[in-house]
Amino acid sequence: MKNSKFPKNYSYKDVPKDILAGIIVALVSIPISMGYAQIAGLPMVYGLYGSIFPIIVFGIITTSYDFVFGVDAAPAALTGSAILALKIASESDEAINAIPVLTILVSFWLMLFYFLRAGRAVKYISVPVMGGFITGICLEIISMQIPKLWGGSPGTGELPELIIHMVKELKVFSPLSFILGLLTIAIILLFRKIIPKLPMSVIMLVAGVILSVRLNLADKGVRLLPTTEGSFPIPKLLHIDFSILPELSFSALTIALVIMSETMLASRSNAIEDGYDLDTNREVLAYSLANFVSGIFGCLPVNASVSRTSIVRQFGGRSQIMSIVAGISMIFILLLGADYIELMPVPILTAIIISALLSACEFELANRLRKNSKQDFIIFISATAGVLFFGTFYGVVIGVILSFFAVIREAVNPPRTLVGIRKGHEGFYSLKIHEDARPIQGCIIYRFGGNLFFANIDTFINDIDSQIDENTRVVIIYASGINNVDITATDRVIAYIKNLKKKGIRFYIAENDGIVNNELQRYGAGHLLEDGTVQKDIEDVLTLCKLKEPYPLSENNPYYNI
């Protein structure tokens, strides 16, 4: 199913759901895209333009079934910062000329990532990192949107800046706006539990327009969307200022990295949940071409929209027919429905977005990790906090670094146990797991469940040493889990065997699949194969040691947690 445009069991009966989801995405995109266009430094209508052709191009090329692409928070904020750093006034002619050039440069960087096949790197990012990252993105966008609930303006930046902005925006606090927003969130979340398939987002949107007309909400201090002149977007002739091109190129690289990491992580999380895989390289191509089209039409960089994707999934959208319908719907809104845009109450639209983002947060995953894996829970929280306090890109970097250290920690402390016999059962069993298992008298059978290398060879030797007593005559390494031995570990094992021999203790390696033998020969320890130290299986070793069934067993199971 990797390259199929439709999920398994998709049928014509699913098409109406995709059409409805696409229309809803277009409606919800109106306040989102207009607001983020303004944050980026463009007139708000360009946000609507960015919700037409880029989303259609993405829908045609992507291998994701239901992910939404469009004007969104992270690229908008980064674009606004880049323009501000160049001392270009927001919504000025200079900004209208510079931002499309920035968007085209973003598409070029993404095309380079495509040729380098950089998208494959996301497959090495763990679920806790993905979940923490998505939760951080959702919480950050919610924090940006919160002031709009009471009539304020959206914030930008990281969590500390957003909190300061919220406090400042309290000066324009409108109680009626706030009540409308909170009621909308409460109603949507309630009905999501009671009747999940009821399109409450659309119902609340229509209810908001009716309330706006009937109660004249604008006169009561409730902000409505601004007036927008409807027109069909046309390609824009780029005006390149070569004096700022180096600065724009560097900013474009940062934005391209954010777009690739944020979109790939979020869309891959959805794909994993739905049981299919993405063609990661083709995804990067889709990002590049969608941004190229956005730049051609004078728009800002575009990327993943977690909030709108959540809405699509809520209403049963199952294919990218949804994206194509959303783009076409936005054309009709621009041409025929522009007069109605100004009737939409901002707090109700904001509440719809916040409700969608709350459902996209991975709180259930966090709770699962908290109960079952402290290490993964810390990674999840760190990725979330990284996004909130340091930004999207650094949130991913923090999560990846922690995952890397977690992998190292697992490699240094792999699963390992003493092995023994269970009366009435054939074979050998972990003394940790089976309390009725008993070690063979005078014999240590030690199973090591990882590669043996410089960072864990001390653990390996210390574990064995801790079990040796005056009765120990033989040490057997149950090596089925060892697939690699480095030169440091090889030298230490050779020295250790010599020390055990001085104590009258024989040392054997058994149950390996031959890879360890090759490694030992490569690092100058081939004599261990020749002198019988390496054996095929444990029974052969026990026979060499003149131990026969029924094996003499110790009375107690030490059950060491080594």
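This note goes through selected features of a predicted model, point by point.

1. Basis. In this predicted model, local features need pLDDT of at least 70 and side-chain atom pairs count only at pLDDT 80 or more, while totals for chains, interfaces and linings use all residues. Residues are numbered from 1 along each chain as its sequence is written, and side-chain values use heavy atoms, with hydrogens and water left out.

2. The sheet. Five strands form an open sheet with mixed pairing, in the order β4-β3-β5-β6-β7. Strands (E, at least two residues) and helices (H or I, at least four) are DSSP runs, numbered from the N terminus; two strands pair if DSSP finds at least two bridges between them. The edges are β4 (429-430) and β7, each with a single partner strand, so one side of each has no neighbour in the sheet. Strands of a sheet pair through backbone hydrogen bonds, either parallel or antiparallel.

3. β3 and β5. Strand β3 (residues 416-420) and strand β5 (residues 443-448) run antiparallel and are joined by four bridges. Arg416 has Phe448 in β5 opposite. Helix α19 (residues 457-465) packs on the sheet and touches β3, β5, β6 (474-478) and β7; contact here is heavy atoms within 4.5 Å. The direction of α19 makes about 155° with that of β5. Such angles run from 0 to 180 degrees between N-to-C directions, with axes fitted to C-alpha atoms, for helices over the stretch in contact.

4. Helix α21. Which residues of α21 (residues 515-522) are buried? They are Val516, Asn517, Glu519 and Leu520. Seen down the axis of α21, these buried residues fall within an arc of 165°, so they line one face of the helix; the arc is that of the directions from the helix axis to the C-beta atoms. Buried means under 20% relative accessible area, exposed over 50%, and partly exposed in between (1.4 Å probe, protein chains only). The buried residues of α21 pack against α20 (487-502), β7 (506-510) and α22 (527-530). After α21 comes Gly524, with a positive phi near 80°.

5. Asn9 lies in the segment before α1 (15-40) and is exposed, with a relative accessible area of 64%. Arg117 lies in the loop between α5 (93-115) and α6 (127-145) and is partly exposed at 43% relative accessibility. The peptide bond joining Glu549 and Pro550 is cis, with omega about -5°; Pro550 is in the segment after α23 (538-544).

6. Aromatic pairs. How many aromatic pairs does a search of the whole structure find? The search finds 16. Rings of Phe, Tyr and Trp (its six-membered ring) pair if their centres lie within 6.5 Å; planes under 30 degrees apart count as stacked, over 60 as edge-to-face and the rest as tilted. The rings of Phe173 and Phe178 have centres 5.3 Å apart and planes at 55°, so this pair is tilted. Phe173 is partly exposed at 34%, and Phe178 is partly exposed at 24%. Elsewhere, ring pairs link Phe58, Phe69 and Tyr287 into a cluster.

7. Charges over rings. Arg422 lies over the face of Tyr429, 5.1 Å from the ring centre. The charged end of Arg447 sits over the ring of Tyr478, at 5.2 Å from its centre. The criterion is NZ of Lys or CZ of Arg within 6 Å of the ring centre and within 35 degrees of the ring normal.
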